[in-house]
Amino acid sequence: MLWIRDADTLQWTYLSPAFENIYGLSRDEALRGDTMRNWLDLVVPEDRDRARAEIEKARAGERVTFEYRITRPSDGEVRLLRNTDFPIRDKNGRVARIGGVGHDATDEQAAAERLHVLVLELQHRTRNLMGVVQSVTNRTLEGSTSLEDFGGRIRDRLGALARVNGLLSRLSEGDRITFDELIRTELKGHGVIDGHDHGPQVSLRGPRGLRLRSSQVQTLALGLHELATNALKYGALSRPEGRLDIAWALVPGPEGTRRLRVEWRESGVALAGPEGAGARHGYGRELIERALPYQLQAETAYELTPQGVRCTITLPLSSNHAGKGPLPQDEDA
C-alpha cells in the first residue's frame, strides 16, 4: 500500500486502495478527522511511541524502515506491518510531504519463525543421529569377525536408521511418528510384510496412532531392527513354519500416566544350536536390555524359550498419550 502525509500536520492526504484490505478499515473513515490519531489508534499500544518516533525521523529528512503491529477493526486480528517512510522535498529542499510504502508482513514473520524452529530441530536431530551412527559403528566393529562381516552388518543397521529418519523427515510441524508406522516400516524394510501390511508369518495387533517421542524413535527402531534381523537369521522367520506375533497396547504407568507395551513373540521353530543362540546374545540383545532402559527409560524383558524369542518393551509415550482416560481397544493392525 502507498500513502502520503503532509509534513507539517502529519495528516494523510492519500491512501491507496490496498489500505482497506490490510488495515480492515475504509479509506473514507481513515481520512476523516485527525488522521494521525486514527492511525495511532489502530497501532497496538506497545508499538505506538516507536511508530510515532519513526514518522518524526522521516519528517526530519531521514528514510526509515520499521515494523509495528495493528489491530484490524474488521476482524480484531493483530497483523505485523513493515513500512518504509521517506521525505518528499519541495523545490527549495524543504520536507513538504512524507511518502510511505508498506505491506502486511505477518505471514513472512510466521514463516521465518517456523524456519528457525525447523533449523534448530534439524541441528538437534543431526547431532543425535551422528551420535547414534558413531555408537552403532563402534559396536558393530567390535562384534564383527572380518571387514566383510562388518560391511554387511553396518549396511543393515544404517538402513534401519535411514528408514526411521525418512519417517521423521516427512512429519509436519508438531507431529510425531506412531508406533504402528514404525513397526510396519521396519518389517517392510526386511520384506516380511508387503505394501498392504500382509505377511504369511507375521501377525500385528494393537491400536493405531500411539505417538512416540521424537527422541525415542531412532533407538527403538534399532531395537526392532535387531529383533527382526535375528528372527530372519535364526528364529521364527528363518523357516516357513515359523510364526511372529507382535502386539502392543497402552498400559497404566506411574502417577496415572500411560506407557506403551510391545510384546514380540516367536514360535513354531525350535531354537537354533549354539551358533544361533550365541548370535542372540550379541549387539541386539545388549541394545534391548541396556540401551533402551538407559536412553528411553524403558523396561525390557528378553527371554530365549524353546519356541523362540519372547521380548517385552514398555516405554513412555509422547505427552499426547501420557494423560489419564480410557485405554483404546486393540485392533488388528
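Two strands count as paired if DSSP finds at least two bridges between them. Strands are DSSP runs of E, at least two residues long, and helices are runs of H or I of at least four, both numbered from the N terminus. This is a predicted model, in which local features need pLDDT of at least 70, side-chain atom pairs count only at pLDDT 80 or more, and totals for chains, interfaces and linings use all residues. Residues are numbered from 1 along each chain as its sequence is written, and side-chain values use heavy atoms, with hydrogens and water left out.

Start with the sheet. Its five strands are ordered β2-β1-β5-β4-β3, with antiparallel pairing, and the sheet is open. β2 (12-15) and β3 (64-71) stand at the edges with a single partner strand each, so one side of each lacks a neighbour in the sheet. From one strand to the next, the twist averages 25°.

β3 and β4 (residues 78-89) run antiparallel and are joined by eight bridges. Phe66 stands opposite Asn83 in β4.

Next come the helices. Helix α3 (residues 35-42) lies across β1 (2-6), β2 and β3, at about 70° to β3. Helix α4 (residues 45-59) packs on the sheet and touches β1, β3, β4 and β5 (95-104). The direction of α4 makes about 145° with that of β3. Contact means heavy atoms within 4.5 Å. Axes are lines fitted to C-alpha atoms, for helices over the stretch in contact, and angles run from 0 to 180 degrees between N-to-C directions.

Finish in strand β5, where Val101 lies. Val101 has 40% relative accessibility, so this residue counts as partly exposed (buried is under 20% relative accessible area, exposed over 50%, partly exposed in between, with a 1.4 Å probe and protein chains only).
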